[in-house]
Amino acid sequence: MRTQVAIVGAGPAGLLLGALLAKAGIDNVILEQRSGAYVLGRIRAGVLEQICVDLLDEAGAGARLHREGLVDDGFVLVFGGQAHRIDLAGLTGKRVVVYGQTEVTRDLMDLRAASGLTTVYEAEDVALHELDGSRPWVSYRKDGVLVRLDCDFVAGCDGFHGVSRASIPKDRIETFEKVYPFGWLGLLADVPPVSHEIVYANHERGFALASLRSPTRSRYYVQCPLDDKVEQWSDDAFWAEFRARLPASLAERLVTGPSIEKSIAPLRSFVAEPMRYGRLFLAGDAAHIVPPTGAKGLNLAAGDVGLLAQAMAEFYRGSEAGIDDYSRRALARVWKAERFSWWFTTMMHKFPENGPFGARMQLAELEYLMSSRAMQTAVAENYVGLPL
Ligand SMILES: Cc1cc2nc3c(=O)[nH]c(=O)nc-3n(C[C@H](O)[C@H](O)[C@H](O)COP(=O)(O)OP(=O)(O)OC[C@H]3O[C@@H](n4cnc5c(N)ncnc54)[C@H](O)[C@@H]3O)c2cc1C
(Lines give C-alpha, C1' and ligand atoms only; values in the text may rest on other atoms or scores of the structure.)
Protein backbone atom coordinates (compact mmCIF):
# COMPACT_ATOMS: atom_id res chain seq x y z
CA MET A 1 0.00 0.00 0.00
CA ARG A 2 1.08 3.58 -0.51
CA THR A 3 -0.26 6.88 0.79
CA GLN A 4 1.08 10.38 1.32
CA VAL A 5 0.58 10.52 5.10
CA ALA A 6 0.33 7.45 7.35
CA ILE A 7 -1.50 8.48 10.52
CA VAL A 8 -1.09 6.28 13.58
CA GLY A 9 -4.10 6.53 15.93
CA ALA A 10 -7.78 7.33 15.31
CA GLY A 11 -8.37 9.53 18.36
CA PRO A 12 -9.41 13.15 17.81
CA ALA A 13 -5.89 14.17 16.68
CA GLY A 14 -5.59 11.46 14.01
CA LEU A 15 -9.15 11.80 12.72
CA LEU A 16 -9.04 15.60 12.54
CA LEU A 17 -5.64 15.56 10.84
CA GLY A 18 -6.96 13.05 8.32
CA ALA A 19 -9.97 15.27 7.57
CA LEU A 20 -7.89 18.48 7.23
CA LEU A 21 -5.37 16.76 4.95
CA ALA A 22 -8.17 15.35 2.80
CA LYS A 23 -9.59 18.89 2.43
CA ALA A 24 -6.15 19.95 1.16
CA GLY A 25 -6.16 17.07 -1.33
CA ILE A 26 -3.58 15.01 0.58
CA ASP A 27 -4.17 11.26 0.68
CA ASN A 28 -3.89 9.58 4.07
CA VAL A 29 -4.46 6.25 5.79
CA ILE A 30 -5.22 5.89 9.51
CA LEU A 31 -4.02 2.84 11.45
CA GLU A 32 -5.79 2.30 14.78
CA GLN A 33 -5.06 -0.56 17.13
CA ARG A 34 -8.55 -0.65 18.68
CA SER A 35 -11.99 -1.19 17.14
CA GLY A 36 -14.14 1.79 16.13
CA ALA A 37 -16.65 0.90 18.86
CA TYR A 38 -13.91 0.89 21.52
CA VAL A 39 -12.63 4.31 20.41
CA LEU A 40 -16.19 5.68 20.58
CA GLY A 41 -16.77 4.20 24.02
CA ARG A 42 -14.02 6.22 25.73
CA ILE A 43 -15.48 9.02 27.86
CA ARG A 44 -13.03 11.87 28.01
CA ALA A 45 -12.95 15.61 27.30
CA GLY A 46 -15.96 17.86 26.82
CA VAL A 47 -14.97 21.54 26.46
CA LEU A 48 -13.99 22.91 23.05
CA GLU A 49 -12.14 26.17 22.45
CA GLN A 50 -13.12 28.37 19.50
CA ILE A 51 -9.95 27.30 17.65
CA CYS A 52 -10.99 23.68 17.92
CA VAL A 53 -14.51 24.52 16.69
CA ASP A 54 -13.03 26.49 13.76
CA LEU A 55 -10.82 23.54 12.79
CA LEU A 56 -13.76 21.12 12.94
CA ASP A 57 -15.70 23.53 10.71
CA GLU A 58 -12.77 23.75 8.30
CA ALA A 59 -12.66 19.95 8.17
CA GLY A 60 -16.40 19.85 7.41
CA ALA A 61 -17.29 18.13 10.71
CA GLY A 62 -18.89 21.02 12.61
CA ALA A 63 -22.58 20.88 11.65
CA ARG A 64 -23.93 18.77 14.54
CA LEU A 65 -21.65 20.55 17.00
CA HIS A 66 -23.31 23.86 16.08
CA ARG A 67 -26.77 22.32 16.50
CA GLU A 68 -26.20 20.40 19.73
CA GLY A 69 -23.17 21.99 21.46
CA LEU A 70 -23.88 24.19 24.47
CA VAL A 71 -22.19 27.59 24.31
CA ASP A 72 -20.80 28.73 27.69
CA ASP A 73 -20.05 32.40 28.36
CA GLY A 74 -18.33 31.74 31.66
CA PHE A 75 -17.40 29.25 34.37
CA VAL A 76 -17.83 29.07 38.12
CA LEU A 77 -15.12 28.93 40.79
CA VAL A 78 -16.09 27.76 44.26
CA PHE A 79 -13.94 28.42 47.32
CA GLY A 80 -14.64 29.25 50.96
CA GLY A 81 -18.11 27.80 50.41
CA GLN A 82 -19.10 30.54 47.93
CA ALA A 83 -19.58 30.45 44.15
CA HIS A 84 -17.87 33.11 41.98
CA ARG A 85 -18.10 33.56 38.21
CA ILE A 86 -15.41 34.13 35.58
CA ASP A 87 -17.12 35.97 32.72
CA LEU A 88 -15.25 34.58 29.72
CA ALA A 89 -17.31 36.45 27.14
CA GLY A 90 -17.18 39.76 29.00
CA LEU A 91 -13.43 39.52 29.62
CA THR A 92 -12.28 38.17 26.25
CA GLY A 93 -15.20 38.36 23.80
CA LYS A 94 -14.80 34.59 23.37
CA ARG A 95 -16.75 31.56 24.56
CA VAL A 96 -16.28 27.81 24.86
CA VAL A 97 -18.56 25.05 23.60
CA VAL A 98 -19.56 22.02 25.67
CA TYR A 99 -19.62 19.03 23.29
CA GLY A 100 -18.26 15.62 24.25
CA GLN A 101 -15.07 14.17 22.79
CA THR A 102 -17.14 11.08 21.96
CA GLU A 103 -19.39 13.23 19.74
CA VAL A 104 -16.40 14.95 18.08
CA THR A 105 -14.97 11.50 17.37
CA ARG A 106 -18.28 10.21 16.01
CA ASP A 107 -18.67 13.23 13.67
CA LEU A 108 -15.11 12.83 12.36
CA MET A 109 -15.57 9.08 11.89
CA ASP A 110 -18.82 9.63 9.94
CA LEU A 111 -17.15 12.27 7.76
CA ARG A 112 -14.23 9.95 7.08
CA ALA A 113 -16.51 7.05 6.17
CA ALA A 114 -18.52 9.32 3.82
CA SER A 115 -15.37 10.57 2.06
CA GLY A 116 -14.16 7.01 1.43
CA LEU A 117 -10.78 7.44 3.16
CA THR A 118 -9.12 4.31 4.53
CA THR A 119 -9.06 3.65 8.28
CA VAL A 120 -7.70 0.31 9.40
CA TYR A 121 -9.17 -0.53 12.81
CA GLU A 122 -7.69 -3.33 14.90
CA ALA A 123 -4.32 -2.88 13.18
CA GLU A 124 -1.90 -4.89 15.34
CA ASP A 125 1.86 -4.56 15.87
CA VAL A 126 2.13 -1.16 14.17
CA ALA A 127 5.85 -0.41 13.65
CA LEU A 128 7.56 2.61 12.07
CA HIS A 129 10.58 2.23 9.76
CA GLU A 130 13.23 4.43 8.12
CA LEU A 131 11.88 7.60 9.71
CA ASP A 132 15.19 9.40 9.20
CA GLY A 133 15.14 8.99 5.41
CA SER A 134 12.81 10.45 2.78
CA ARG A 135 10.88 7.17 2.28
CA PRO A 136 9.50 6.08 5.64
CA TRP A 137 7.14 3.12 5.90
CA VAL A 138 4.86 1.58 8.44
CA SER A 139 4.12 -2.10 8.99
CA TYR A 140 1.13 -3.63 10.76
CA ARG A 141 -0.74 -6.87 11.02
CA LYS A 142 -4.40 -7.12 10.07
CA ASP A 143 -6.29 -10.40 10.49
CA GLY A 144 -2.93 -12.15 10.83
CA VAL A 145 -1.55 -10.71 7.55
CA LEU A 146 1.54 -8.47 7.65
CA VAL A 147 1.01 -5.29 5.60
CA ARG A 148 3.56 -2.65 4.46
CA LEU A 149 2.38 0.94 4.01
CA ASP A 150 4.81 3.28 2.22
CA CYS A 151 4.38 7.02 2.74
CA ASP A 152 5.99 10.47 2.64
CA PHE A 153 5.27 11.25 6.29
CA VAL A 154 4.16 9.49 9.46
CA ALA A 155 1.90 11.40 11.86
CA GLY A 156 2.17 10.01 15.39
CA CYS A 157 -1.31 10.66 16.80
CA ASP A 158 -1.36 7.55 18.97
CA GLY A 159 -1.66 9.04 22.42
CA PHE A 160 0.58 8.84 25.47
CA HIS A 161 1.17 5.06 25.32
CA GLY A 162 1.54 4.83 21.53
CA VAL A 163 4.34 3.45 19.41
CA SER A 164 5.32 6.73 17.69
CA ARG A 165 7.13 8.58 20.45
CA ALA A 166 8.68 5.28 21.55
CA SER A 167 10.15 4.88 18.03
CA ILE A 168 12.34 7.99 18.40
CA PRO A 169 15.91 7.21 19.52
CA LYS A 170 16.34 8.21 23.19
CA ASP A 171 19.14 10.67 22.38
CA ARG A 172 16.91 12.56 19.92
CA ILE A 173 14.06 13.40 22.29
CA GLU A 174 13.84 15.04 25.71
CA THR A 175 10.92 14.58 28.08
CA PHE A 176 9.61 16.67 30.98
CA GLU A 177 7.14 15.24 33.46
CA LYS A 178 5.24 15.93 36.65
CA VAL A 179 2.95 13.32 38.16
CA TYR A 180 0.38 14.61 40.65
CA PRO A 181 -0.20 12.75 43.93
CA PHE A 182 -3.94 12.18 43.32
CA GLY A 183 -6.45 11.17 40.63
CA TRP A 184 -9.93 12.11 39.45
CA LEU A 185 -12.86 9.80 40.01
CA GLY A 186 -15.35 10.62 37.25
CA LEU A 187 -19.02 9.66 36.98
CA LEU A 188 -21.29 10.08 33.96
CA ALA A 189 -25.07 10.05 34.57
CA ASP A 190 -28.25 10.94 32.75
CA VAL A 191 -29.28 13.64 35.20
CA PRO A 192 -29.72 17.37 34.50
CA PRO A 193 -26.47 19.27 35.25
CA VAL A 194 -26.26 21.16 38.51
CA SER A 195 -25.13 24.20 36.50
CA HIS A 196 -25.05 24.93 32.75
CA GLU A 197 -21.65 26.54 33.33
CA ILE A 198 -18.78 24.34 34.48
CA VAL A 199 -18.08 24.49 38.22
CA TYR A 200 -14.57 24.07 39.70
CA ALA A 201 -14.57 23.68 43.49
CA ASN A 202 -11.67 24.07 45.90
CA HIS A 203 -12.79 22.32 49.09
CA GLU A 204 -11.01 21.14 52.23
CA ARG A 205 -12.09 17.56 51.38
CA GLY A 206 -10.50 17.93 47.91
CA PHE A 207 -11.30 19.27 44.45
CA ALA A 208 -14.63 18.70 42.69
CA LEU A 209 -15.72 19.48 39.13
CA ALA A 210 -19.26 19.69 37.79
CA SER A 211 -19.20 19.39 34.01
CA LEU A 212 -21.83 18.36 31.50
CA ARG A 213 -22.33 16.80 28.11
CA SER A 214 -25.88 17.96 27.33
CA PRO A 215 -28.92 19.45 29.15
CA THR A 216 -29.72 15.93 30.37
CA ARG A 217 -26.28 14.36 30.84
CA SER A 218 -23.78 15.33 33.57
CA ARG A 219 -20.11 14.54 34.04
CA TYR A 220 -18.92 15.01 37.61
CA TYR A 221 -15.54 14.42 39.24
CA VAL A 222 -13.99 14.32 42.72
CA GLN A 223 -10.28 14.33 43.56
CA CYS A 224 -9.38 10.94 45.05
CA PRO A 225 -6.26 9.16 46.31
CA LEU A 226 -4.14 7.67 43.52
CA ASP A 227 -4.45 4.14 44.89
CA ASP A 228 -8.27 4.17 45.10
CA LYS A 229 -9.98 1.56 42.93
CA VAL A 230 -13.20 2.39 41.13
CA GLU A 231 -14.84 -0.71 42.67
CA GLN A 232 -14.42 0.92 46.10
CA TRP A 233 -16.74 3.73 45.03
CA SER A 234 -20.44 2.90 44.93
CA ASP A 235 -22.63 5.47 43.16
CA ASP A 236 -24.03 6.49 46.57
CA ALA A 237 -20.53 7.05 47.97
CA PHE A 238 -19.66 9.20 44.95
CA TRP A 239 -22.81 11.32 45.22
CA ALA A 240 -22.28 11.88 48.96
CA GLU A 241 -18.67 12.99 48.44
CA PHE A 242 -19.50 15.17 45.45
CA ARG A 243 -22.39 16.87 47.26
CA ALA A 244 -20.20 17.54 50.32
CA ARG A 245 -17.74 19.53 48.13
CA LEU A 246 -20.40 21.80 46.59
CA PRO A 247 -21.65 25.05 48.15
CA ALA A 248 -25.19 24.85 49.59
CA SER A 249 -26.62 26.87 46.67
CA LEU A 250 -25.56 24.16 44.22
CA ALA A 251 -25.88 21.12 46.50
CA GLU A 252 -29.61 21.75 46.89
CA ARG A 253 -30.03 21.63 43.09
CA LEU A 254 -28.08 18.38 42.67
CA VAL A 255 -30.04 15.58 41.00
CA THR A 256 -28.49 12.12 41.43
CA GLY A 257 -29.02 8.93 39.44
CA PRO A 258 -27.34 5.67 38.41
CA SER A 259 -23.92 6.01 36.76
CA ILE A 260 -23.50 5.16 33.07
CA GLU A 261 -19.72 5.16 33.45
CA LYS A 262 -17.31 5.56 36.34
CA SER A 263 -13.53 5.64 36.13
CA ILE A 264 -10.39 6.96 37.83
CA ALA A 265 -7.83 8.94 35.81
CA PRO A 266 -4.34 9.82 37.07
CA LEU A 267 -3.18 13.42 36.57
CA ARG A 268 0.06 14.17 34.77
CA SER A 269 1.90 17.01 33.05
CA PHE A 270 4.24 15.80 30.29
CA VAL A 271 6.01 17.27 27.26
CA ALA A 272 8.31 15.58 24.74
CA GLU A 273 10.44 17.76 22.51
CA PRO A 274 11.04 18.19 19.69
CA MET A 275 7.75 16.99 18.21
CA ARG A 276 9.55 15.78 15.08
CA TYR A 277 12.06 13.10 14.24
CA GLY A 278 12.95 12.96 10.53
CA ARG A 279 9.70 12.24 8.69
CA LEU A 280 7.75 11.48 11.90
CA PHE A 281 5.64 14.26 13.43
CA LEU A 282 4.04 13.87 16.86
CA ALA A 283 0.68 15.49 17.64
CA GLY A 284 -1.70 15.50 20.60
CA ASP A 285 -1.25 13.23 23.61
CA ALA A 286 1.61 11.40 21.83
CA ALA A 287 3.70 14.51 22.52
CA HIS A 288 2.15 16.06 25.62
CA ILE A 289 -0.28 15.50 28.47
CA VAL A 290 -1.94 18.06 30.70
CA PRO A 291 -3.99 17.45 33.83
CA PRO A 292 -7.62 17.90 32.69
CA THR A 293 -8.28 20.84 35.06
CA GLY A 294 -7.96 23.46 32.32
CA ALA A 295 -9.82 21.38 29.67
CA LYS A 296 -6.81 21.69 27.37
CA GLY A 297 -5.95 18.11 26.24
CA LEU A 298 -8.29 17.76 23.29
CA ASN A 299 -7.89 21.41 22.34
CA LEU A 300 -4.10 21.14 22.23
CA ALA A 301 -4.39 18.04 20.06
CA ALA A 302 -6.61 20.01 17.64
CA GLY A 303 -4.18 22.94 17.61
CA ASP A 304 -1.24 20.65 16.80
CA VAL A 305 -2.97 19.01 13.85
CA GLY A 306 -4.18 22.38 12.58
CA LEU A 307 -0.53 23.48 12.35
CA LEU A 308 0.63 20.14 10.98
CA ALA A 309 -2.00 19.99 8.23
CA GLN A 310 -1.01 23.51 7.14
CA ALA A 311 2.68 22.58 7.16
CA MET A 312 2.12 19.43 5.10
CA ALA A 313 -0.05 21.31 2.59
CA GLU A 314 2.81 23.83 2.19
CA PHE A 315 5.24 20.93 1.65
CA TYR A 316 3.19 19.59 -1.26
CA ARG A 317 3.07 23.12 -2.69
CA GLY A 318 6.89 23.13 -2.66
CA SER A 319 8.01 24.67 0.67
CA GLU A 320 9.57 22.81 3.61
CA ALA A 321 9.45 25.90 5.86
CA GLY A 322 6.21 24.81 7.56
CA ILE A 323 7.32 21.30 8.46
CA ASP A 324 10.69 22.63 9.64
CA ASP A 325 8.92 25.09 11.95
CA TYR A 326 6.11 22.78 13.12
CA SER A 327 7.71 21.58 16.36
CA ARG A 328 8.76 25.06 17.46
CA ARG A 329 5.34 26.58 16.77
CA ALA A 330 3.40 23.76 18.38
CA LEU A 331 5.63 23.65 21.47
CA ALA A 332 5.38 27.41 22.03
CA ARG A 333 1.63 26.96 22.50
CA VAL A 334 1.90 23.63 24.31
CA TRP A 335 4.15 25.00 27.05
CA LYS A 336 1.75 27.88 27.73
CA ALA A 337 -1.16 25.45 28.05
CA GLU A 338 1.00 23.23 30.27
CA ARG A 339 1.66 26.22 32.50
CA PHE A 340 -2.03 27.13 32.72
CA SER A 341 -3.17 23.56 33.42
CA TRP A 342 -0.47 23.09 36.07
CA TRP A 343 -1.33 26.43 37.72
CA PHE A 344 -5.07 25.77 37.73
CA THR A 345 -4.53 22.25 39.11
CA THR A 346 -2.19 23.55 41.81
CA MET A 347 -4.62 26.26 42.87
CA MET A 348 -7.72 24.05 43.06
CA HIS A 349 -6.61 20.68 44.48
CA LYS A 350 -5.84 19.57 48.01
CA PHE A 351 -2.11 18.87 48.43
CA PRO A 352 -1.86 17.32 51.92
CA GLU A 353 1.94 17.68 51.86
CA ASN A 354 1.56 21.49 51.62
CA GLY A 355 -0.33 21.60 54.93
CA PRO A 356 -2.57 24.42 56.20
CA PHE A 357 -0.15 27.09 54.90
CA GLY A 358 -0.53 25.75 51.35
CA ALA A 359 -4.33 25.75 51.69
CA ARG A 360 -4.28 29.41 52.87
CA MET A 361 -2.04 30.37 49.93
CA GLN A 362 -4.64 28.86 47.56
CA LEU A 363 -7.44 30.87 49.20
CA ALA A 364 -5.37 34.08 49.08
CA GLU A 365 -4.72 33.51 45.38
CA LEU A 366 -8.39 32.79 44.65
CA GLU A 367 -9.50 35.88 46.59
CA TYR A 368 -6.98 38.01 44.76
CA LEU A 369 -8.17 36.55 41.43
CA MET A 370 -11.77 37.52 42.15
CA SER A 371 -10.72 41.06 43.20
CA SER A 372 -8.58 41.72 40.13
CA ARG A 373 -10.02 42.19 36.66
CA ALA A 374 -6.48 41.99 35.26
CA MET A 375 -5.95 38.52 36.71
CA GLN A 376 -9.42 37.34 35.70
CA THR A 377 -8.65 38.46 32.15
CA ALA A 378 -5.40 36.48 32.16
CA VAL A 379 -7.24 33.38 33.38
CA ALA A 380 -10.08 33.83 30.89
CA GLU A 381 -7.63 34.36 27.99
CA ASN A 382 -5.95 31.06 28.77
CA TYR A 383 -9.22 29.21 29.37
CA VAL A 384 -10.76 30.18 26.00
CA GLY A 385 -7.47 29.22 24.31
CA LEU A 386 -4.39 31.09 23.15
CA PRO A 387 -4.06 31.86 19.42
CA LEU A 388 -2.43 29.29 17.12
C1 LIG B 1 -9.47 9.18 31.20
C2 LIG B 1 -9.20 10.48 30.48
C3 LIG B 1 -10.00 11.60 30.75
C4 LIG B 1 -9.77 12.81 30.10
N5 LIG B 1 -10.56 13.88 30.38
C6 LIG B 1 -10.31 15.05 29.77
C7 LIG B 1 -11.08 16.20 30.03
O8 LIG B 1 -12.01 16.17 30.84
N9 LIG B 1 -10.78 17.36 29.38
C10 LIG B 1 -9.74 17.43 28.47
O11 LIG B 1 -9.50 18.47 27.88
N12 LIG B 1 -9.02 16.36 28.19
C13 LIG B 1 -9.27 15.19 28.81
N14 LIG B 1 -8.52 14.13 28.53
C15 LIG B 1 -7.50 14.30 27.52
C16 LIG B 1 -8.06 14.17 26.11
O17 LIG B 1 -9.02 13.16 26.08
C18 LIG B 1 -6.89 13.89 25.21
O19 LIG B 1 -6.01 15.00 25.28
C20 LIG B 1 -7.28 13.63 23.76
O21 LIG B 1 -7.95 12.40 23.67
C22 LIG B 1 -6.04 13.61 22.89
O23 LIG B 1 -6.35 13.10 21.64
P24 LIG B 1 -5.28 12.25 20.83
O25 LIG B 1 -5.96 11.92 19.55
O26 LIG B 1 -3.99 12.95 20.83
O27 LIG B 1 -5.03 10.94 21.69
P28 LIG B 1 -6.01 9.74 22.04
O29 LIG B 1 -7.40 10.21 22.20
O30 LIG B 1 -5.37 9.01 23.17
O31 LIG B 1 -5.97 8.82 20.75
C32 LIG B 1 -4.86 8.02 20.42
C33 LIG B 1 -5.34 6.85 19.60
O34 LIG B 1 -4.21 6.09 19.19
C35 LIG B 1 -4.49 4.72 19.35
N36 LIG B 1 -3.22 4.00 19.52
C37 LIG B 1 -2.43 3.94 20.62
N38 LIG B 1 -1.37 3.18 20.39
C39 LIG B 1 -1.47 2.73 19.12
C40 LIG B 1 -0.66 1.89 18.32
N41 LIG B 1 0.47 1.34 18.80
N42 LIG B 1 -1.06 1.62 17.06
C43 LIG B 1 -2.22 2.18 16.57
N44 LIG B 1 -3.03 2.97 17.30
C45 LIG B 1 -2.66 3.25 18.55
C46 LIG B 1 -5.38 4.67 20.58
O47 LIG B 1 -6.15 3.49 20.64
C48 LIG B 1 -6.24 5.91 20.39
O49 LIG B 1 -7.41 5.66 19.66
C50 LIG B 1 -8.73 12.91 29.16
C51 LIG B 1 -7.93 11.81 28.89
C52 LIG B 1 -8.14 10.60 29.55
C53 LIG B 1 -7.25 9.41 29.25
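Is D143 buried or exposed? Keep that question for a later stop; the tour begins with the whole chain. The model on screen is predicted.

**Stop 1: the whole chain**

Show the protein chain as a cartoon. There are 13 helices and 20 strands to find. Turn the view along the principal axes, and the C-alpha atoms fill a box of roughly 60 × 40 × 40 Å. A compact globule of 388 residues would have a radius of gyration near 21 Å, and the protein chain agrees because its value is 21 Å.

Of the 388 residues, 54% count as buried. The chain also makes contacts between residues that are at least 6 apart in sequence; among these contacts, 71% join residues at least 24 apart.

Next, colour the charged side chains. The protein chain has 42 positive and 48 negative ones, and the centres of the two sets lie 1 Å apart.

**Stop 2: aromatic pairs**

Select the aromatic side chains. A search of the whole structure finds 24 aromatic pairs. Zoom in on F176 and W335, which form an edge-to-face pair with 5.4 Å from centre to centre and 80 degrees between the planes. F176 belongs to strand β13 (residues 174-189) and W335 to helix α11 (residues 321-348), so this pair links distant parts of the chain, 159 residues apart. F176 is partly exposed, with a relative accessible area of 29%. W335 also counts as partly exposed, at 35% relative accessibility.

Stay with strand β13 and select F182 together with F351. These two rings are edge-to-face as well, 5.1 Å centre to centre and with 75 degrees between the planes. F182 lies in strand β13, while F351 sits in the loop between α11 and α12 (355-371), so the pair ties together parts that are 169 residues apart in sequence. F182 has a relative accessible area of 2% and is therefore buried. F351 counts as buried too, at 12% relative accessibility.

**Stop 3: an aromatic cluster**

Which residues form one aromatic cluster? Select F75, W184, Y200, F207, Y221, F340, W343, F344 and Y383 to show the cluster.

**Stop 4: a cis peptide bond**

Move to the loop between β17 (259-273) and β18 (276-277), where P274 lies. Show the backbone atoms here. The peptide bond from E273 to P274 is cis, with omega near 0 degrees.

**Stop 5**

Now return to the opening question and select D143. This residue lies in the loop between β10 (137-142) and β11 (145-150). D143 is exposed, because its relative accessible area is 68% and exposed means over 50%. Its backbone is worth a look: D143 has a positive phi of about 50 degrees although it is not a glycine.

A295 is not a glycine either, yet has a positive phi of about 55 degrees. Is A295 buried or exposed? With a relative accessible area of 18%, A295 is buried, because buried means under 20%.

Note on methods. Residues are numbered from 1 along each chain as its sequence is written. This is a predicted model: local features need pLDDT of at least 70, side-chain atom pairs count only at pLDDT 80 or more; totals for chains, interfaces and linings use all residues. Side-chain values use heavy atoms; hydrogens and water are left out. Helices (H or I, at least four residues) and strands (E, at least two) are DSSP runs, numbered from the N terminus. The radius of gyration is taken over C-alpha atoms; the globule rule is 2.2 Å times the number of residues to the power 0.38. Buried means under 20% relative accessible area, exposed over 50%, partly exposed in between (1.4 Å probe, protein chains only). Contact means heavy atoms within 4.5 Å. Lys and Arg count as positive and Asp and Glu as negative; His and the chain ends are not counted. The place of a charge is taken as NZ of Lys, CZ of Arg, CG of Asp or CD of Glu. Rings of Phe, Tyr and Trp (its six-membered ring) pair if their centres lie within 6.5 Å; planes under 30 degrees apart count as stacked, over 60 as edge-to-face and the rest as tilted.
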